[in-house]
Amino acid sequence: MNIDTQSVDQAVTAMAEVLAEYLHPEEVRLLKSQWQRYSTVSVKMMQQCVLDATRRYPELQAYKSDIRKGFWATLQADSQQTVEADSHNSHNEAIKAPVPVSELVLAFYTVIEALRSQLSETESRNLFLTMHQTVSQERTFKGHSLNISQFLEGNRPSVPDNEHLLNNLMQLAYVCLCDVAGPVEADEMMFRAAEKAKQNYPKTLVEKLF
């Protein structure tokens, strides 16, 4: 495994997602900011991140093994994807590389995943199943294959690289979120999710989603 091919930001973001299951988004953000001081990705860095998290939040001690496994799986998976991509490119130079996912779509994924991290398992299930059912019935999304329920499994379903449709999906997410958590909490969750996306993508681009 060659984890040197990963950037610190990639690894820290992925590891923060592991901790999102255990901590409040603001606590995860603080740890993420602390970890970004590392210059390279390594096993030692991963071990130190586990130590940082369990020292700052002692309640995580009971989940230390699971968190360590999650971090390790993250480093391995990201590295394997990089190795496979490099191998594919070197052996298939004549084949066109797939079109990269746009920043707008990536920002959309970030917002949705940030919303999911703020919900309980039951709330998350209610949100995405309601969204999935509504999308399948809405005329706006006819002709598009949108399996929103994949977000429940931690996957990123294919979505159209279309500002209008992504904006409609975001508005739908807000309406469903109001039903799940109430309008006041939904507003706060949306704000936090948007702020998280703005940490990685241009503010004007994120605002197109809303």
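Me: Is V101 buried, exposed or partly exposed, and what is its relative accessible area?
Reply: This is a predicted model. In it, V101 has a relative accessible area of 47%. Exposed would need over 50% and buried under 20%, so V101 counts as partly exposed.

Me: Where is V101 in the chain?
Reply: V101 is in the loop between α4, residues 64-91, and α5.

Me: Which residues is V101 in contact with, leaving aside neighbours within four places in sequence?
Reply: L106 and Y109.

Me: And how far is V101 from D161?
Reply: In sequence they are 60 residues apart. In space, V101 and D161 are 8.1 Å apart, C-alpha to C-alpha.

Me: New topic. How many helices and strands are there in the protein?
Reply: Nine helices and zero strands. From the N terminus on, the elements run α-α-α-α-α-α-α-α-α.

Me: What share of the residues is buried?
Reply: Of the 210 residues in the protein, 38% are buried.

Me: How many residues are in the largest nonpolar core?
Reply: The largest nonpolar core has 38 residues. Inside this core, F108 and L169 have the most contacts.

Me: Which elements give two or more residues to this core?
Reply: They are α5 (103-117), α6 (121-137), α7 (163-181), α8 (183-198) and α9 (203-208).

Me: What does F108 touch, not counting residues up to four places away?
Reply: F108 touches F151, V159, L166, L169, M170 and L209.

Me: What about a second core, how many residues are in that?
Reply: The second core is separate and has 22 residues, including M15, V28, M46 and Y57.

Me: Why would nonpolar side chains be buried together?
Reply: I can only give you the general pattern: in soluble globular proteins, nonpolar side chains tend to be buried together.

Me: Back to helices. At what angle do α1 and α3 cross?
Reply: Roughly 40°. The axes of α1, residues 8-19, and α3, residues 43-56, come within 12 Å.

Me: Left-handed or right-handed?
Reply: The crossing of α1 and α3 is right-handed.

Me: Which residues meet there?
Reply: From α1, V8, V12, M15 and L19 meet M45, M46, C49 and A53 of α3. C49 has 0% relative accessibility, so C49 counts as buried.

Me: Since you mention a cysteine, how many disulfides are there?
Reply: The count comes to zero disulfides.

Me: Is C178 buried or exposed?
Reply: C178 is buried, with a relative accessible area of 19%. The cut-off for buried is under 20%.

Me: Last one, A193. Which helix is that in, and is A193 buried or exposed?
Reply: A193 lies in helix α8. Its relative accessible area is 0%, so A193 is buried.

Me: What is A193 in contact with, leaving aside neighbours within four places?
Reply: A193 is in contact with V111, A114, L115 and Q118. A193 and L115 are 78 residues apart in sequence, but 5.9 Å apart in space, C-alpha to C-alpha.

Notes:
Residues are numbered from 1 along each chain as its sequence is written. This is a predicted model: local features need pLDDT of at least 70, side-chain atom pairs count only at pLDDT 80 or more; totals for chains, interfaces and linings use all residues. Side-chain values use heavy atoms; hydrogens and water are left out. A nonpolar core is a set of buried Ala, Val, Leu, Ile, Met, Phe, Trp, Tyr and Cys residues joined through side-chain atoms within 4.5 Å. Buried means under 20% relative accessible area, exposed over 50%, partly exposed in between (1.4 Å probe, protein chains only). Helices (H or I, at least four residues) and strands (E, at least two) are DSSP runs, numbered from the N terminus. Contact means heavy atoms within 4.5 Å. A disulfide is a pair of cysteine sulfur atoms within 2.5 Å. Axes are lines fitted to C-alpha atoms, for helices over the stretch in contact, and angles run from 0 to 180 degrees between N-to-C directions. A crossing is left-handed if the near helix is turned anticlockwise from the far one by less than a right angle, and right-handed if clockwise.
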